[in-house]
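Biologist: Please take a close look at one part of this model for me. I would like to see how that part sits in its wider setting.

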Amino acid sequence: MSIFDEIGSVAENFHNKLDKIIDQEQIVDLKNKYLGRKGIVSNLFSQIGKVAAENRKKVGKSLNSLKNELTKKINEKDQQFSVSEEKSKKTDYSLPGYSFNKGSQHPITQSIDEMLDIFNHLGFDIAYGPEVETDWYNFGSLNFPKNHPARDMQDTFYTEGSGILRTHTSPVQTRFMTKNKPPVRIVAPGRVYRNEAISPRSYCVFNQIEGLYVDKDVTFSDLRGTLDMFCKMYFGSDVKLKFRTSYFPFTEPSAEVDVSCFLCDGKGCRVCKNTGWLEILGCGMIDPNVFKSVGYDPEKYNGFAFGLGVERMAMLKLGINDIRILYENDIEFLKQF
Amino acid sequence: MKVSLSWLQQYIKIEDKPEILAKKLTLAGLEATVNIVGKSVPDKVVIGQVLSVEKHPNADKLSVCKVNVGDNEELTIVCGASNVAADQKVPVALVGSKLASDFKIKKTKLRGIESHGMICAEDELGLGNMHEGIMVLDNDYEIGKNYNDYLEKEIVFDIDLTPNRPDCMSHFGVVREIAAITDSKYKFNKININESGKKIEDLTKINIENNEACPRYTARVIQNIEVKESPKWLKKRIESVGLRSINNIVDASNYVMIETGHPLHTFDFDKLSGHEINVRFAKSGEQFETIDHVKRKLSSEMLLICDSEKPIALAGIMGGSFSEVDENTKNVLVESAYFNPAVIRKGSKLQQLSTDSSKRFERGTDSNDTLIYSQNRLTGLINEVAGGQIAKGMIDIYPKKIDEKIVKLRFSKIKNITGLQIEKQEIKRIFIALGFEITEFSDDNISVKVPTFRPDIEREIDLVEEVIRINSMDKIPTLRKINISVSENVDKLHPFLKSIRNLFVGMGFNETLSNSLVSEKMAKSGIWNYKPLKIQNPLSKEMDTLRTDIIQSLLANLKINVLRKREDIRLFEIGKTIEKESRSETGAKEHLNLGVLVTGTVWGLNWNEKSKPVNVYYFKGIVNLICEKYGIDNVKYKETKNCENNSESVSIYIQKKEIGRIIKYEISKFDKLQLDYPVIVMEINLDTMFKKRNKIQKYREISLYPSIMRDISVVIDKTKMAKDLLDEIKTNGGGNLIDVIIYDRFIDHEKLGKDKISLSFRLEFRSKERTLKDNEIDKIMEKIFNKLLTNYGAQLR
């Protein structure tokens with residue numbers, strides 16, 4: 001076998017072996033075997049002395065190109081492996097992502113937003129009033145006579161001077177009507193205050209949404225329609241409504257509204273105390289005395305008003321049975337919403 | 001208010017089941033629930049008869065009894081009671097009965113003899129307190145029957161009344177309601193009294209000082225009565241509605257009040273000095289002891305019933321201990337009067353004394369028929385249960401009759417208010433059933449005379465309600481289509497607040513909702529130095545003031561979270577803060593504020609990023625973001641003077657107005673909480689932000705040409721302010737300088753020198769008209785550097 005043939009078979013063997021390589025360790029072995037100090041290529045170089053002088057130059061040239069080719073191939077292969085290794089080192093997809101703090105809106109303001117969206121949808125604008133009120137707006141303008149037991153329905157906080165903490169959002173009705181001519185169609189969200197002992201079922205501060213619609217020819221049927229639509233949009237289209245006669249000084253006739261218990265579909269459960277109904281809001285047709293106190297003509301205009309407790313509605317919907325947790329602000333609680 | 005079914009049935013035939021009736025009453029505005037009142041014993045307690053009693057062979061105090069419990073079953077029961085004897089009928093708790101949650105009757109061996117049940121004492125069955133021996137029952141009790149079958153029960157409606165219906169605080173009132181709701185007839189008994197005594201004018205006289213406060217006063221006298229225990233039927237009635245039986249006179253008086261709704265009073269006639277009644281207002285500071293033995297100091301607004309010398313009752317509220325009827329009373333004076341509701345209410349409030357009587361008077365009683373009916377009813381009843389002679393005649397002081405009002409109802413009004421047409425005959429029927437007299441009935445109208453027991457009815461609208469609540473509260477149609485009037489004024493505040501909330505939620509903050517009632521101390525710590533507004537009648541000292549800022553609320557929320565070892569706390573809240581302002585009509589000025597609190601790191605603990613604690617610049621970034629979003633410029637920061645210990649603070653200004661503050665509290669402020677990081681808070685007045693916001697957002701043309709970036713790093717004295725250098729760069733950067741940011745800042749004594757600081761700025765230039773050239777920017781950069789050198793001594797690094 002001529003030395004040229006030998007060079008050819010070395011190259012061929014090398015390529016076969018190179019193809020079978022599976023890791024970097026084998027590359028090192030292969031490199032040592034062919035290109036090491038006592039390796040195959042260096043062995044071939046040492047045979048150059050035995051070659052006929054006229055061929056020496058030619059043999060040297062092809063040995064050099066063999067060495068270069070092998071070095072290049074090994075480096076390439078080595079590169080391949082280190083790239084893939086580095087890649088796997090860089091991205092371990094099982095590592096957790098960065099932890100973003102979970103922001104959250106308070107369940108009560110979320111509920112208010114949701115309810116206001118529905119009322120906006122039904123054509124109500126939003127209005128506001130102060131939390132510290134006058135006796136006139138909180139009571140007088142709403143047909144609560146002085147020294148009348150109706151005032152006991154709402155335990156009142158009195159502030160220094162002559163102010164009181166509003167016991168309901170209803171004063172926004174008369175404030176708004178005093179400043180605006182009919183037709184008016186508003187909802188008023190906000191905090192109200194009751195001087196009641198704090199318990200799982202009552203808190204001295206809570207939120208209400210007041211509704212008011214005054215125009216010619218507004219009837220109790222419109223009130224029923226509006227509240228029916230609202231409850232179906234808020235609780236689900238299956239709920240039914242029941243109106244019971246009640247008493248509020250600023251509406252006549254007045255009613256309490258029960259909604260069929262959406263937790264048990266009206267079959268009776270712990271939350272609805274086995275009645276199948278949940279008491280959710282109060283409403284009625286605006287009393288003519290309220291119209292008189294804001295300068296509207298009760299013969300010309302009719303109107304309805306309603307007031308709902310946001311906490312109560314939200315607690316029913318979310319299954320919260322202690323109102324105090326809403327005002328405690330533990331982030332473990334808040335992050336759930 | 002409790003009404004008993006059997007009591008109601010004396011006046012009206014009731015065909016509905018109690019539950020159905022309760023539902024109907026509720027729909028009509030009398031929220032009623034059904035209760036079964038009376039005593040009951042646990043299951044498996046039966047009537048047994050003792051057949052034989054023998055001494056227990058191994059125990060002195062025990063006996064071994066054979067007891068027949070029916071069905072020819074004979075039980076051996078060991079009994080410890082000394083009164084057990086053969087032939088007695090006794091209650092027997094059988095094996096398996098449960099006398100208390102932890103007391104179940106089992107088969108047990110007592111001193112060697114097996115006992116199969118227990119013969120019970122009163123207290124063991126929950127029927128009383130008697131433990132002295134077993135209960136011995138009447139002989140007519142049937143062996144083997146459940147003991148429960150012999151215990152009396154009453155069906156009682158608990159009615160939750162609204163304050164406009166004093167007439168329904170009585171059986172008569174509820175009867176009228178039932179008649180109207182169920183379309184049935186009722187009848188109240190006529191009263192016949194036998195006046196066999198002396199003439200009343202010879203016995204007593206009545207004098208009323210103020211006819212407005214006491215428009216009517218009637219009195220009768222009954223002599224030679226006997227005060228004793230009430231007869232069984234009276235006791236039963238009184239107890240069925242939850243009252244305690246006292247004696248026949250007191251019970252009779254309560255009975256009539258519960259029946260007719262009119263509160264009455266009986267005085268021991270012999271204890272009345274001068275045998276006379278004077279109705280007058282108290283003198284300021286006058287003292288009086290009521291029957292609850294409380295000595296009360298009176299003000300001149302209290303109406304009193306007096307004899308010739310002294311007060312004997314707080315009119316309409318409570319009698320005095322002195323003139324109380326007791327077992328020695330022989331002669332009584334019966335008062336049936338009408339007092340002005342407002343006077344009684346005021347008195348009741350002043351004395352903080354609310355009684356069955358005051359509750360009725362302050363809501364309004366009937367000055368006419370009911371008052372007289374009740375007077376005669378009670379007089380007759382006392383005569384019936386206590387004997388004696390009724391004096392001839394009745395004193396009746398009623399100088400100015402309170403007339404029944406006549407109110408007209410247009411039939412069209414019902415449709416106008418409710419959207420529902422109701423039959424005229426049905427309307428008429430309702431008013432008659434409710435006790436109204438019809439004075440006019442035409443095609444268009446009905447007019448009624450309103451009985452004075454219905455003080456709530458004065459106007460047409462009140463009549464509309466009567467018809468609706470009785471006939472059709474559940475029949476009014478629910479319109480599926482509504483006519484609406486739409487206003488052009490659309491509220492902008494709520495969307496503004498909503499977007500601020502969204503911003504914070506997106507940045508990982510949790511929104512809180514805190515009590516606005518805080519302690520005075522908290523209110524005084526508020527950052528705005530508002531004068532706190534106090535509550536006159538607080539629930540507690542911890543909640544006697546309205547909050548003056550949001551930060552104090554957030555710090556309280558922080559505490560709860562830290563005590564529960566929550567980490568990386570980021571809170572925000574939007575709410576009102578309140579300042580005392582005596583010039584305002586409410587005595588308060590309200591501000592809408594945003595509060596923010598953070599303690600912890602920018603990133604939570606994780607495997608890669610080394611996280612840094614949140615600092616003041618984090619908050620400045622948030623403020624910038626909000627301001628940019630709402631187009632508010634000219635925001636300036638100035639160090640706040642006079643801030644608390646352990647804190648540093650910077651105030652935020654818009655056009656010279658302080659609109660907020662960022663405060664950093666060192667860990668040392670919260671020594672008990674053991675915090676890991678300082679607490680940074682911020683509060684911003686949203687009223688101002690809302691007002692100053694850019695209301696109309698407009699499109700700004702964007703540049704289509706590339707920008708050129710240039711960096712410049714300078715070394716300056718530590719005393720120089722970054723903001724000033726930034727402003728200097730902006731002023732000299734020309735119209736094409738669109739942004740400057742500081743991307744590096746460091747202090748290094750060795751490299752930079754003592755009291756020196758290095759700042760690196762990156763400037764971005766961009767033109768809307770063309771691509772900028774390097775050489776023109778070079779010139780600008782040179783100018784900027786020269787300015788920084790001359791004005792701030794800046795050296796290039």
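**A strand pair and its surroundings**

Modeller: Strand E35 (residues 657-665) of chain B is joined to strand E36 (residues 679-685) of chain B by six bridges, and the two run antiparallel. This is a predicted model. Within the pair, Gly660(B) lies opposite Ile684(B) of E36(B).

The pair belongs to an open sheet of seven strands in chain B. The order is E28-E31-E32-E36-E35-E34-E33, with mixed pairing. At the edges are strand E28 (510-511) and strand E33 (635-639) of chain B, each pairing on one side only.

Next, the partner chain. In chain A, 71 residues are in contact with 84 residues of chain B. Helix H8 (residues 220-235) of chain A gives the most to this side of chain A, with seven residues. By type, the chain A side holds 28 nonpolar, 23 polar and 20 charged residues.

Chain A itself has eleven helices and nine strands. Its radius of gyration is 43 Å, whereas a compact globule of 337 residues would have one near 20 Å. The C-alpha trace of chain A spans about 135 × 45 × 40 Å along its principal axes. Of the 337 residues in chain A, 41% are buried. Among contacts in chain A with a separation of 6 or more, 68% come from residues 24 or more positions apart.

Last, the cores. The largest nonpolar core has 102 residues, and Cys283(A) and Phe304(A) touch the most other members. Helix H3 (residues 171-182) of chain B gives the most to this core, with seven residues. Leaving aside residues up to four places away in sequence, Cys283(A) touches Leu223(A), Leu227(A), Thr251(A), Ala255(A), Val257(A), Phe304(A), Ala305(A) and Phe306(A). A second, separate core has 54 residues, including Cys214(B), Tyr217(B), Leu298(B) and Ile312(B).

Notes: Residues numbered from 1 in each chain as written. Chains lettered and ligands numbered in written order. Predicted model: local features only at pLDDT ≥ 70, side-chain atom pairs only at ≥ 80, totals over all residues. Pairing = 2+ DSSP bridges. Helix = DSSP H or I, 4+ residues; strand = E, 2+ residues; numbered from the N terminus. Contact = placed C-beta atoms within 7 Å. Nonpolar A, V, L, I, M, F, W, Y, C, P; charged D, E, K, R; others polar. Rg over C-alpha atoms; globule rule 2.2 N^0.38 Å. Buried ≥ 20, exposed ≤ 12 C-beta atoms within 10 Å, placed from the backbone. Core = buried A, V, L, I, M, F, W, Y, C linked by C-beta atoms within 7 Å.
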